[in-house]
Amino acid sequence: MRRKRMLGGLAAGLAAVLALAACGSDGGSSGSAASTTGTGAKLTPVKLQLQWFTQAQFAGYIAAKEKGFYRDAGLDVSLLEGGTDIVPQTVLAQGQADFAVAWVPKALASREQGAQITDIAQIFQRSGTRQVSFADAGIGGPADLKGKKVGNWGFGNEYELFAGMTKAGLDPGRDVTLVQQQFDMNALLSGDIDAAQAMSYNEYAQVLEAKNPKTGELYKPSDFTVVDWNDVGTAMLQDAVWASTDKLQKDPAYQQTATNFLTGSLRGWIYCRDHAQECRDLVVAAGSKLGASHQLWQTNEVNKLVWPSPGGIGMVDKAAWDRTVQIARATKNADGQTVLTKAPEGLAYTNQYVQQALASLRADGVDVTGSSFKPLTVTLNPGGG
């Protein structure tokens, strides 16, 4: 935390103490004292709970912090790392964070159970979930999974897969052998399963960073077939920024903080669209446990999920939202359960704050749609190094 150094003896010191005490209730803050800019202006402290460990899935937020975009928006943002035992929307609902990044169906399930949270920005416009198999397995689509050993992570990550199989006329509980998969690709590479769940920006890269024992070289994309749920039509919305519903409805200071936070965050994502390699470096410096080539792949693949954003980055597309809700209500998992039992009630999402952020960015001449975005060609190294 940075504070403007006070000089001038006891009176100035007392003034500094009073100033710090007064800022503890800033809208959207977590109770810590506000820091200051170089000119002495107070910054509102904000905590963002990430969904997973530090990686380029969150490059835009990392860039916004490291490049000063949050500071320019009047915020002092702390990024809270996620993990296997952290549910970001719960952290938010319990007041331990001001905003959170979470997949839409999982967050909606928490809302149905009582969490008062609202989607205020849909950062990922497309799903990154894939089902990967070796090319010689003959799995070109969900119908080809019949009779196969199919890996999935569970924990709410499996519904696109189950919806895809159901759409293809398969009964996920009878027509395939479901296997609980770890968050890696080892079971596929060892032949224990025929198809593995993977994120385009993470686990899919892991198979391309592994050596093919037949050739001694790294595997190539042609060695695999990939089922993309966006193509199948069962994709669900994923990474979104969630806020406290109660504060959005009652706290004008928090409302302004939400707009300011989105303004800084969107600038970060736009920066990573145009400076992918630098954002890779920022992610690695922030403590990513995966290597530089893996993080460049991830930055590039995440950009593909964000860009282009025809309505402006962060806008919730109603058609995509309705599809996600329909799948969440209709698709059953192996236990016969659906994500949602009814349509979301109350303020499940709003475009109000992202529209305000976009208006500010457009006024500054910033490209918020990325219509001319072109991804990089990335070369992976063994193990992602």
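Thr129 stands opposite Met199 in strand β9. Four bridges join β6 to β9, and the two strands run antiparallel; strands count as paired if DSSP finds at least two bridges between them. The structure is a predicted model, in which local features need pLDDT of at least 70, side-chain atom pairs count only at pLDDT 80 or more, and totals for chains, interfaces and linings use all residues. Residues are numbered from 1 along each chain as its sequence is written, and side-chain values use heavy atoms, with hydrogens and water left out. Helices (H or I, at least four residues) and strands (E, at least two) are DSSP runs, numbered from the N terminus.

Within β9 (residues 196-199), Ala196 and Ala198 point one way while Gln197 and Met199 point the other way, and all are buried. Here buried means under 20% relative accessible area, exposed means over 50%, and partly exposed lies in between (1.4 Å probe, protein chains only). Helix α13 is likewise mostly covered, with 13 of its 15 residues buried. The end C-alpha atoms of α13 are 21 Å apart, which agrees with the 21 Å that its 15 residues should span at 1.5 Å a residue; the expected span is 1.5 Å times one less than the number of residues in a helix.

Salt bridges come next. Each is a side-chain nitrogen of Lys or Arg within 4 Å of a carboxyl oxygen of Asp or Glu, and by this rule the count comes to twelve. One of them pairs Lys289 with Glu81, whose closest N and O atoms are 3.9 Å apart. Lys289 lies in the loop between α12 (276-285) and α13 (292-306) and Glu81 in the loop between β3 (75-80) and α4 (88-93), so this pair ties together parts that are 208 residues apart in sequence. Lys289 is exposed, at 65% relative accessible area, and Glu81 is partly exposed, at 34%.

A second salt bridge joins Asp228 and Arg130, with the closest N and O atoms 3.4 Å apart. This pair links distant parts of the chain, Asp228 being in strand β10 (residues 224-228) and Arg130 in strand β6 (residues 129-134), 98 residues apart. Both ends are buried, Asp228 at 17% relative accessibility and Arg130 at 12%. Between Arg267 and Asp364, the closest N and O atoms are 2.5 Å apart. Arg267 belongs to helix α11 (residues 252-274) and Asp364 to the segment after α15 (352-363), so the bridge ties together parts that are 97 residues apart in sequence. Salt bridges that share partners also join Arg273, Asp274 and Asp367 into one network.

Grid points are joined across faces, edges and corners, and a volume is the space filled by probe spheres set on the points. The largest pocket has a volume of about 950 Å³. Of its 38 lining residues, the closest to the centre are Trp52, Lys106, Phe155, Asn157 and Phe183. Helix α5 gives the most to this lining, with four residues. The count comes to one cavity of 30 Å³ or more, and the largest cavity has a volume of about 60 Å³. Its lining includes Trp103, Asn157 and Met236.

Technical notes
1 Å grid on protein atoms, 1.4 Å probe; cavity = no way out; pocket = protein on both sides within 12 Å on 5 of 7 lines; lining within 4 Å.
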